[in-house]
Amino acid sequence: MDAVLDLAGLDALIGALIASGRKVIGPVLRDEAITLAELESAADLPSGWGVETGPGHYRVHRRADSAVFGHSAGPQSWKRFLHPPHRVLLTSGPAGFRPVREEPVEYAFFGVRPCDLAAIGKLRQIVGGPMPFVVAAQCTEPGAVCFCASMGCGPSADAGYDLALTERIDREGHRFLAVAGTAAGADVLTRLPRRPAHEHDVALADADVAEAARRMGRTMPETDLRDLLAGSREHPRWEEVAGRCLTCGNCTMVCPTCFCVSIEDTTELDGGATRAQRWASCFEIDFSQLHGGAVRTSGAARYRQWMSHKLGTWHDQFGTSGCVGCGRCIAWCPAGIDITEEAAALAEGASR
Ligand code: SF4
Ligand code: SF4
């Protein structure tokens, strides 16, 4: 069932999800970035805020309209809710070790862009957990570092959502085409103030999303990336990029699919202890620690590991690429290293 919601309908959707007992998480403006936080109403959404991105560059700015989804991917992804940055696994006390049981949270993710929809699918393949209720926001506003179209992960939301919204502001008003992807999505939609969608509404939404694909800031080279990476182990580009890479790990922290963790044990002076899991990065020197030392001691080896896994061996492990083209690793790299540029440099060397 397709329908059209206005802003009151969008607010009613958030209210209906909260009333169903879900914790609704969506985009908000915080600390000069579009971040993800709990929503209480549509008034929490970043109305009229857009973003400007580039390699090593991210700035929010005022838009000329009041769009609530008029921004590309921010520094946070939904990963932090499905796979938290820090999680205590065990504690010890007088009675010995006990596993820490977390209270399950029923989430509704609100305003999930198609690249992140794909990332949620890839991440859940690895970390599991219950599927949240997902309200996708089809992309009509790609950023300069986005390349989801060339990864087959956007800008349209094709699957994996309960409801998909497409925002439009024109002379007919500020509205959202809402398409149900599941029975649960259709059920919520029937309880909202709405009007039926006409062919005209669907055609406009399709045109806006097609235009977003044309305006995508970047593209991956059109080649078999798995084969490219497998054949590039000794490529001189790894040393070149290592000259710029700070091995800070920002790219892995912001990536919506990077899932590696480290396990840390902490002992207290009173004899208690905890075992916790925290996000880890393949750029950390001790990430490849084996008996006697680290295997990947150079920055070149660590950058090669990250990119070769993300674009190459991820296919062997999980049958898909580890990259959805969200562009976060480009925007949040302090050295402005661009994974599409690095892939293009490898591809150029391979085609000579
Ligand atoms: S590529 Fe950029 S973000 Fe990633 S580790 Fe190197 S400097 Fe940090
Ligand atoms: S590798 Fe970069 S562009 Fe690809 S999913 Fe991760 S952060 Fe996004």
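Cysteine 255 counts as buried because its relative accessibility is 9%, buried meaning under 20% relative accessible area with a 1.4 Å probe and protein chains only. The model is predicted, so that local features need pLDDT of at least 70 and side-chain atom pairs count only at pLDDT 80 or more, whereas totals for chains, interfaces and linings use all residues. Residues are numbered from 1 along each chain as its sequence is written, ligands are numbered from 1 in the order in which they are written, and side-chain values use heavy atoms, without hydrogens and water.

| Residue | Relative accessibility |
|---|---|
| Cysteine 255 | 9% |
| Cysteine 333 | 13% |
| Leucine 117 | 9% |

Cys333 also belongs to the surroundings of ligand 1, which include Cys245, Cys248, Cys251, Phe283 and Tyr303. This shell holds 9 nonpolar and 3 polar residues but no charged ones, where Asp, Glu, Lys and Arg count as charged, Ala, Val, Leu, Ile, Met, Phe, Trp, Tyr, Cys and Pro as nonpolar, and the others as polar. In the whole structure, 0 disulfides are found, a disulfide being a pair of cysteine sulfur atoms within 2.5 Å.

Leucine 117 lies in helix α3, residues 114-127, a helix being a DSSP run (H or I) of at least four residues. Leaving aside residues up to four places away in sequence, leucine 117 touches Val112, Val134 and Ala136, among others, with contact meaning heavy atoms within 4.5 Å. Between leucine 117 and phenylalanine 97, 20 residues apart in sequence, the C-alpha to C-alpha distance is 38 Å.

Terms used:
Near = heavy atom within 4 Å. Buried < 20%, exposed > 50% of the residue type's maximum accessible area, 1.4 Å probe, protein only. Helix = DSSP H or I, 4+ residues; strand = E, 2+ residues; numbered from the N terminus.
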